[in-house]
Amino acid sequence: MSVIAAPAVRLAGLRYRWPGAQADCLDIERLDIASGERVFLRGPSGSGKTTLLSLVGGVILPQAGSVEVSGQVLAALSSGARDRFRADHVGFVFQLFNLLPWLSALDNILLACRFSPQRRARVAAAGSTPAAEAARLAARLDLDPGLLARPAAQLSVGQQQRVAAARALIGRPGLVVADEPTSALDADRQQAFIALLLEECAAAGAALLFVSHDQRLAAHFDRVLELDHMNRASAACAAEGGA
Ligand SMILES: Nc1ncnc2c1ncn2[C@@H]1O[C@H](COP(=O)(O)OP(=O)(O)OP(=O)(O)O)[C@@H](O)[C@H]1O
């Protein structure tokens with residue numbers, strides 16, 4: 001008997017309006033992202049890409065419709081359970097990296113494991129330890145080992161981006177969500193970063209939902225999604241931003 005994996009992400013009848021806004025930001029009838037699929041999400045500034053990623057991560061909840069991640073309806077979880085689910089199953093690389101500035105780069109990476117028993121278990125199942133896995137990912141991201149002991153606040157923006165990527169990837173979550181993760185990297189590092197992200201996601205069977213304005217990166221992905229084409233509220237969302 002074959003087992004069909006739940007999609008990594010399933011949106012159905014989704015509507016989201018920011019508090020105080022006059023119109024919906026997102027109105028998406030349906031979107032499925034298959035397990036292991038690599039999706040490049042594109043859309044003009046202010047079109048709702050970051051909002052969509054926040055919904056997929058369960059950081060915010062829609063007013064209507066549902067968001068499922070790996071078969072779990074996020075709104076069915078209490079706020080605390082949603083935080084734990086996110087820690088176990090979703091790796092974020094956000095525009096604002098949310099590193100803790102006073103913690104070392106290494107401790108920032110390890111934090112993802114500290115909050116997630118499932119990530120720790122997956123690292124152990126692969127025959128490694130969180131510290132060894134953090135060092136492996138850092139080396140693959142071309143982060144000098146000497147940098148790992150430094151407080152995150154003392155790193156360049158490009159270095160912080162790579163620390164954030166290692167933190168997202170450690171312990172192999174089933175979904176990686178990345179918002180402009182290469183914006184502060186030079187061209188060579190950008191290519192290395194994308195290659196690593198894709199390889200690590202493939203090795204983990206993780207789906208990747210990736211937002212970038214850099215069109216050249218789209219070729220690396222299985223599918224390009226135009227947010228404006230699937231968002232029935234796109235005109236209203238853009239107008240709201242300009243209001
Ligand atoms: N925290 C918030 N509170 C209220 N409105 C918000 C908030 N965050 C975003 N918005 C509004 O939602 C709309 C979509 O913003 P969002 O950041 O999702 O767009 P984006 O496509 O990611 O833009 P960019 O490419 O510039 O990062 C905009 O009109 C924005 O003003």
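Helices (H or I, at least four residues) and strands (E, at least two) are DSSP runs, numbered from the N terminus. The chain has 9 helices and 9 strands. Its radius of gyration, taken over C-alpha atoms, is 18 Å, close to the 18 Å that the globule rule (2.2 Å times the number of residues to the power 0.38) gives for 243 residues, so the chain is as compact as a globular protein of that length. This is a predicted model, in which local features need pLDDT of at least 70 and side-chain atom pairs count only at pLDDT 80 or more, while totals for chains, interfaces and linings use all residues. Residues are numbered from 1 along each chain as its sequence is written.

A residue is termed buried if 20 or more other C-beta atoms, placed from the backbone, lie within 10 Å of its own, exposed if 12 or fewer do, and partly exposed in between. Buried residues make up 44% of the 243 residues in the chain. Two residues are in contact if their C-beta atoms lie within 7 Å; among contacts between residues at least 6 apart in sequence, 75% join residues at least 24 apart.

An α-helix has 3.6 residues a turn, so residues three or four places apart point the same way. Just after the helix, Gly205 takes a positive phi of about 70°.

Helix H1 (residues 49-56) is largely enclosed by the rest of the structure, because 6 of its 8 residues are buried. These are Lys49, Thr51, Leu52, Leu53, Leu55 and Val56. Gly58, which follows H1, has a positive phi, near 70°.

A nonpolar core is a set of buried Ala, Val, Leu, Ile, Met, Phe, Trp, Tyr and Cys residues joined through C-beta atoms within 7 Å. Of the 65 residues in the largest such core, Val9, Ala166 and Leu209 touch the most other members. Neighbours within four places in sequence aside, Ala166 is in contact with Ile109, Ala134, Leu137, Ala138 and Leu141.
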